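Please read this briefing alongside the sequence and the 3D structure. It covers two chains and how they meet.

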Amino acid sequence: MQQIFNFIFKNSYRLLFLLLLGTSLILTIQSHSYHRSKIISSANFLTGGVYERINSISEYLNLKTQNEELALENARLKSIIFNSKDTTSLPKIDTIRGVSKANIIVSKVIHNSYSSYENYLTINSGEAAGVKSDMGVINSAGIIGIVDKTSKNYATVISILNVKSQINAKIKKSNHFGSLVWNGKSTGFVQLIDVPRLASVRKGDTIVTGGQSVIFPENIGIGTINNIFIDNKTNYYTLNIKLFNDMTSLGHVYIIKSKDSEEIKNLEKKENE
Amino acid sequence: MNSAILVNLARFILLLAAQVLIFNNMNFLGYINPYPYLLFIILYPVNGNKYGLLLSSFLLGIILDMFCNSGGVHAASCLALAYYRPYIFKFSFGLSYEYQTVRLNDILTPERFSFILFSVVLHHFSLFLLEVFRLNFLWEIILKTILSTVFTIIICIIIIYIIKPSKR
């Protein structure tokens, strides 16, 4: 017993170092696995609050571009309404049962990172607004990512610029599916892998979200094909896609609350049992 | 003694705030960020409490990790730097560094520069290695380490010159 105490006293500095290093390494390893620890994320009270403050200042600097984006989106939506055949018979919003299959929560990006290989955004709405893990996040131009961790008033989002993210997507013209991943190189481009060789792909074709995902509704814009490669190992196409979104400057975003996702997940769970 | 604690506490908060508010948003060339917050560990008194250094650098790293959503990478690399700091001192200033009063925030001599250089390289390499965590990106890690090191050292030296005590 005495010797154990002696050992601890003699090596206390080294032991403290190893203890702290072990803690931080465990946190690091957890952060690289898909199910990350909840404690060390910017969706907590302290960090979320600080980012919100910073953002409220920096917001003023790009109000103009934000306004332009909103005006553009308004114009687009208006044109859809005006071009519909009968403007009087627009679907009425049913206030009891919601708008449609997907509900939308408006939120704002208060912190954006794009310089690392695993990028996360922080947004300023959380559980209190109904945000839960695994909801899709988009903006007027296209998809942004998937909600990761939530707290009461904040949530973190796995950006599509994250080497861990993998989203089902398809070529709009031919409905061929593939997986959307990021190779960590450029913030303007992502890759669509595992596209079958049968698919006819051409530079400039539009890529949209596929119907296999329960997170995103079908046909949300992602980008256009910029380059076409053939993977030597698997003989599938790998497409380099230029994003519609500028991921380095994001403002207001929409969180998609899919009503069917619970049901589909439950069904799939039952199927597996 | 009390003033030393206060100075370190102020440094801790100011460097952390500067890192989160300014330096994390630089994104020079798209992905290069300087990390001058490690000045806290570099400038910690040579004869100060080593347990205090270890604990405070862990705290510094873990708070920054919360802001960066990066798990424990900053904490781990800060700890590595804090633990190996005496060895780097010994390497840069010679064996008897503890008996001389080493003052880092002063005119830049080759010894001081080599100390800052080795500290920053150690910290950045472990940081990017843990942050990327994939060995097939090794060249990117090394490139990122070199570029960020240059950037960090420039900013560290500027900060040291700015906060240098005027009367000496």
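This is a predicted model: local features need pLDDT of at least 70, side-chain atom pairs count only at pLDDT 80 or more; totals for chains, interfaces and linings use all residues.

Residues are numbered from 1 along each chain as its sequence is written, while chains are lettered from A and ligands numbered from 1 in the order in which they are written.

**Domains of chain A**
- Chain A is split into domain 1 (2–26), domain 2 (45–157 + 249–257) and domain 3 (167–243), with bounds from an automatic or database domain assignment.
- The centres of domain 1 and domain 3 of chain A, taken over C-alpha atoms, are 50 Å apart.

- In chain A, 6 strands close into a barrel with antiparallel pairing, in the order E6-E7-E8-E11-E10-E9; strands (E, at least two residues) and helices (H or I, at least four) are DSSP runs numbered from the N terminus.
- From one strand to the next, the twist averages 40°.
- Strands E7 (residues 177–181) and E8 (residues 189–195) of chain A run antiparallel and are joined by 3 bridges; pairing requires at least two bridges found by DSSP.
- A:Ser179 stands opposite A:Ile193 in E8(A).

**Contact between the chains**
- Contact joins 26 residues of chain A and 29 residues of chain B, counted where C-beta atoms, placed from the backbone, lie within 7 Å.
- H2(A) gives 12 residues, the largest share of the side of chain A that touches chain B.
- Helix H2 (residues 12–32) of chain A packs with helix H3 (residues 50–68) of chain B at about 5°, their axes 10 Å apart.
- H2(A) and H3(B) are therefore roughly parallel, a term for angles under 35 degrees.
- Residues making this contact include A:Phe17 and A:Leu20 of H2(A) and B:Leu54 and B:Phe58 of H3(B).

**Chain B in the record**
- The unreviewed UniProt entry lists residues 12–32, 52–84, 113–135 and 141–163 of chain B as "transmembrane region".
- Residues 113–135 of chain B are 87% helix and 0% strand, with end C-alpha atoms 30 Å apart.
- For residues 141–163 of chain B, the span is 96% helix and 0% strand, and the end C-alpha atoms lie 32 Å apart.

Key: Axes are lines fitted to C-alpha atoms, for helices over the stretch in contact, and angles run from 0 to 180 degrees between N-to-C directions. Angles under 35 degrees count as roughly parallel, over 145 as roughly antiparallel, 65 to 115 as roughly perpendicular and the rest as oblique. Two residues are in contact if their C-beta atoms, placed from the backbone, lie within 7 Å. UniProt positions are given in the numbering used here, feature names are shortened, and annotations may be inferred rather than shown by experiment.
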